[in-house]
Amino acid sequence: MEPYPSGRRSTPDADAAAPSVDVDPDAAADGPRRRDEDRPDPTASKTPASDAPTEASVRADTPSAFPSDPDRFLAAVAVDGEVLFAGPSMPSFLGEDRGTLRGGNFLEYVHPNDRTDVSDALSAVASERRVTHRIRRANGGYARVESVVDDDLAPEFGGRVVTVRRVDVDRTFPERFREFLEYGTDIVTVVDADGRVRYESPSVEDVLGYEQGSLVGRSPLGYVHPDDRERVTAAFYEALADPERADAMEYRYRTAGGDWVWLESRARALPDDAAVGRLVINSRDVSERKRRERRLADRNERLDRFASIVSHDLRNPLSVIRGSMEMARLKEDTEPLERGERATDRIEQLISELLTLARQGTGIDEPTEFSLEGVARDAWGTAGSETAALVVPVDARIRGDRGRLRQAFENLFRNSVEHGSTESRPESGTDALTVVVSATDRGIVVADDGPGIPSEHRSDVFESGFTTRADGTGYGLDIVREIVVAHGWEIAVVDPESAIEADPEVADRIPSGARFVVRAPTPRTVDAAEPWIER
């Protein structure tokens with residue numbers, strides 16, 4: 001009977017072929033076994049000329065005809081991908097048992113992006129019968145392999161003989177070193193004379209997210225950040241020119257997810273006659289260290305700003321104090337002493353706020369849970385006014401640094417009292433200022449019924465040193481912003497007429513003066529240990 005168009009024999013044909021090919025259950029692990037095993041195979045002793053085995057080697061009835069090799073295997077595959085025969089190394093290579101492999105689809109083990117090329121080679125659509133592709137292993141990762149497909153169908157199976165050889169490893173690389181690299185946390189990359197990857201250690205999956213072997217044959221420079229690429233390229237060439245050099249270099253490298261991580265690499269040239277490649281590169285992820293360095297740089301910048309402000313902004317009030325004291329001594333007049341006292345108060349306020357700014361880089365203390373109303377009323381007791389009232393219509397639970405958030409509320413309340421006082425709004429006709437702190441669907445709103453913040457200043461209020469008052473320091477709202485950001489939240493000044501994500505029952509009680517909105521995640525959207533606000 002002729003084979004079906006798929007290249008496989010039907011089940012009846014397979015049964016009819018039983019006299020020529022049979023599977024001995026006791027020798028299933030050794031591949032197909034011939035019934036007429038007493039008849040010698042005239043080709044059994046011949047050695048194939050190519051990597052692909054001959055038909056005779058497929059029909060050989062001894063396991064020695066298929067030597068076990070951890071980096072290659074042999075299979076007979078139908079043109080539609082069905083596995084008709086699995087060589088002894090195939091189960092260990094793919095991590096599947098032989099019974100599962102037989103009758104399965106070989107193409108399902110091939111990486112989706114490579115299946116078309118492999119399928120074309122099996123069905124003779126493509127003239128190229130040697131295909132490099134990725135194949136899935138039992139651990140879920142992919143290995144890069146080269147599959148050689150026989151031109152002719154193997155009569156015993158009705159399919160094609162496929163020899164698969166792993167190409168992302170080099171057998172000349174000492175096996176004891178390869179086993180050592182399996183446990184290493186650094187990435188070890190071997191690059192050939194053309195600048196392409198020949199080997200990458202398994203840690204590339206943990207550090208960068210790439211499947212081991214998926215970068216073989218590609219240039220690693222293509223994954224370096226464009227701003228760092230020229231510098232890294234020059235360093236690689238310097239390493240090739242001077243084998244004794246192994247200088248560390250830091251650069252950004254693209255991960256499989258499209259993000260950038262900082263790597264620290266040392267490249268060293270290999271001997272010209274080294275079989276494994278021309279350059280070996282040891283890399284490790286230093287992103288966390290770079291973040292610490294950035295935080296330290298930010299802290300130093302704040303300290304520099306503090307020193308600069310102290311040396312300049314405090315000089316004038318100190319001069320006022322000295323002059324006032326001198327004048328008081330000469331004229332025996334107490335009014336200059338009062339001026340000196342006001343200047344002293346301003347110095348104390350400047351020092352307090354500048355020291356707070358300088359300490360912002362330390363982050364927040366261990367978050368705790370507390371109520372919005374509780375921390376707001378504590379802050380009002382310090383920064384509130386006898387001529388103003390605090391209203392908290394909707395409470396919330398907060399997880400954060402209570403001390404730092406109390407300080408933020410104190411500064412917001414001072415801003416409201418100073419800018420929303422009777423002198424600032426003579427048209428109000430009342431001495432009472434109302435400040436409202438309320439939970440919203442997305443966080444917190446702090447608003448007052450003062451004159452509000454002019455639209456042209458709303459984008460500047462959080463800038464360090466910005467103030468519209470002659471006696472203001474300009475650092476109060478900067479401190480507020482630093483505290484909110486340290487919690488991972490956001491703060492903004494919104495238009496008095498803008499919609500506030502508040503309870504509809506109290507939305508009309510939110511004043512339309514200055515409005516500050518803090519937006520924060522809820523415990524349902526972040527890890528419970530992170531800062532959050534829940535209404």
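Contact, in this tour, means heavy atoms within 4.5 Å. Helices (H or I, at least four residues) and strands (E, at least two) are DSSP runs, numbered from the N terminus.

The structure is a predicted model, in which local features need pLDDT of at least 70 and side-chain atom pairs count only at pLDDT 80 or more, while totals for chains, interfaces and linings use all residues. Residues are numbered from 1 along each chain as its sequence is written, and side-chain values use heavy atoms, with hydrogens and water left out.

**Stop 1: helix H5**

Select H5. Its residues Val118, Ala121 and Leu122 are buried, where buried means under 20% relative accessible area, exposed over 50%, and partly exposed in between (1.4 Å probe, protein chains only). These residues cover an arc of only 100° around the axis, which puts them on the same side of H5; the arc is that of the directions from the helix axis to the C-beta atoms. After H5 comes Ala124, with a positive phi near 65°.

**Stop 2: Asp114 and Arg134**

Now select Asp114 and Arg134, whose side chains form a salt bridge at 3.1 Å, N to O. What does this pair tie together? Asp114 lies in the loop between helix H4 (98-101) and helix H5 (115-122), and Arg134 in strand E3 (residues 130-136), so the pair ties together parts that are 20 residues apart in sequence. Both residues of this pair, Asp114 and Arg134, are buried. A salt bridge is a side-chain nitrogen of Lys or Arg within 4 Å of a carboxyl oxygen of Asp or Glu. In general, side chains of opposite charge can pair when their charged atoms come close. The whole structure holds 21 salt bridges.

**Stop 3: strand E4**

Select Glu146, which is found in strand E4. Is Glu146 buried or exposed? Glu146 is buried, with a relative accessible area of 13%. Its side chain meets that of Arg165 in a salt bridge (3.1 Å, N to O). This pair links distant parts of the chain, with Glu146 in strand E4 (residues 142-154) and Arg165 in strand E5 (residues 159-166), 19 residues apart. Arg165 counts as partly exposed, at 28% relative accessibility.

Not counting residues up to four places away in sequence, Glu146 touches several residues, including Val131, Thr132 and Thr163.

Move to Ser147, also placed in strand E4. Ser147 counts as buried at 2% relative accessibility. Which side chain makes a polar contact with the side chain of Ser147? The partner is His133, at 2.7 Å. Leaving aside neighbours within four places in sequence, Ser147 is in contact with residues including Arg129, Val162 and Val164.

**Stop 4: helix H12**

Select Glu373 and Arg377, whose side chains meet in a salt bridge (3.1 Å, N to O). Being 4 residues apart in helix H12 (residues 372-383), Glu373 and Arg377 are separated by about one helical turn. Glu373 is partly exposed, with a relative accessible area of 28%, and Arg377 is partly exposed at 39%.

**Stop 5**

Select H13, which has 18 residues and reaches 26 Å from its first C-alpha to its last, close to the 26 Å expected at 1.5 Å a residue. The expected span is 1.5 Å times one less than the number of residues in the helix. At the start of H13, a side-chain oxygen of Asp401 reaches to within 3.2 Å of the backbone nitrogen of Gly403. The buried residues of H13 include Leu405, Phe409 and Phe413.

A nonpolar core is a set of buried Ala, Val, Leu, Ile, Met, Phe, Trp, Tyr and Cys residues joined through side-chain atoms within 4.5 Å. Of the 42 residues in the largest nonpolar core, Phe409, Phe413, Val437, Ile444, Val446 and Phe516 touch the most other members. Elements that give two or more residues to this core include H12, helix H13 (402-419) and strand E17 (515-519). Apart from this core lies another, of 23 residues, among them Ala86, Leu101, Ala121 and Val164.

Note on methods
Polar contact = N/O pair within 3.5 Å; in protein donor to acceptor, adjacent residues only side chain to side chain.
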